Amino acid sequence: MRDPLNIEQTSRTPAVVFDYANNHLKLSGESYPEDVTEFYRPVFNALDDYLGSLGEGRCRFDFELIYLNSSSAKAVMMLMDKLEDAAKNGADVDVYWFYDTNDDTMQELGEEFGEDLESAVFHLEKMAG
């Protein structure tokens with residue numbers, strides 16, 4: 001079994017927790033890294049490896065982002081595309097987008113991402129309190 005991916009949150013980058021044993025992946029915090037490609041490359045690679053072995057298994061990906069810049073939004077879109085592809089190939093994929101109830105922008109962004117998912121199941125949820 002592979003080791004979980006844990007990247008600690010910084011003031012500019014989100015926390016990344018890929019708990020493979022429980023098929024629960026999570027990205028949380030703020031995302032506006034100096035170099036989006038450098039930050040997200042290991043995340044993409046880890047997700048590709050994981051989804052490649054998931055087959056028709058089940059996974060959940062939580063996005064609990066407070067803020068993200070446009071470059072990070074593209075990275076999130078690429079993550080969503082990978083999850084959608086896995087779902088199209090038979091995996092049971094749930095995507096949760098959590099937003100602060102006072103943040104219409106993040107709610108609307110989540111709605112837009114959700115509209116692009118056809119095979120993965122999208123859930124738009126308010127952040128807990």
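In this predicted model, strand β4 (residues 58–68), helix α2 (residues 70–88) and strand β5 form a β-α-β unit of right-handed sense. Strands β4 and β5 run parallel to each other, joined over 6 bridges. One of the paired positions is R58, whose bridge partner in β5 is D92.

A further right-handed β-α-β unit consists of β5, α3 and β6. Here β5 and strand β6 (residues 121–126) also pair in the parallel sense, over 6 bridges. Across this pairing, W97 stands opposite L124 in β6, and F98 stands opposite E125 in β6.

**The sheet and its helices**

These strands belong to an open sheet of 6 strands with mixed pairing, in the order β1-β2-β3-β4-β5-β6. Its edges are β1 (5–7) and β6, each of which pairs on one side only. On average, and ignoring direction, neighbouring strands of the sheet are turned by 15 degrees against each other.

Helix α1 (residues 36–54) lies across β1, β2 (15–19), β3 (24–31) and β4. Helix α3 packs on the sheet and touches β4, β5 and β6.

| Helix | Strand | Angle between directions |
|---|---|---|
| α1 | β4 | about 160 degrees |
| α3 | β5 | about 160 degrees |

How many of the 8 residues of β5 are buried? The count is 7, so the strand is largely enclosed by the rest of the structure. W97 is buried, with a relative accessible area of 0%.

The whole structure holds 10 aromatic pairs. In one of them, W97 and F113 are tilted, with 50 degrees between the planes and 5.3 Å from centre to centre. W97 is in strand β5 (residues 92–99) and F113 is in helix α3 (residues 104–115), so this pair ties together parts that are 16 residues apart in sequence. F113 is buried as well, and its relative accessible area is 5%.

W97 and F113 are also members of a cluster linked by ring pairs, together with F18, Y20, Y50, F61 and F63. Another ring interaction involves Y96: R60 lies over the face of this ring, at 3.8 Å from the ring centre.

How values were computed
Residues numbered from 1 in each chain as written. Predicted model: local features only at pLDDT ≥ 70, side-chain atom pairs only at ≥ 80, totals over all residues. Heavy atoms only, no water. Phe/Tyr/Trp six-rings, centres within 6.5 Å; stacked < 30°, edge-to-face > 60°. Helix = DSSP H or I, 4+ residues; strand = E, 2+ residues; numbered from the N terminus. Buried < 20%, exposed > 50% of the residue type's maximum accessible area, 1.4 Å probe, protein only. Lys NZ or Arg CZ within 6 Å of the ring centre and 35° of its normal. Pairing = 2+ DSSP bridges. Right-handed = clockwise from strand over helix to strand, strands pointing away. Axes fitted to C-alpha atoms, helices over the stretch in contact; angles between N-to-C directions. Contact = heavy atoms within 4.5 Å.
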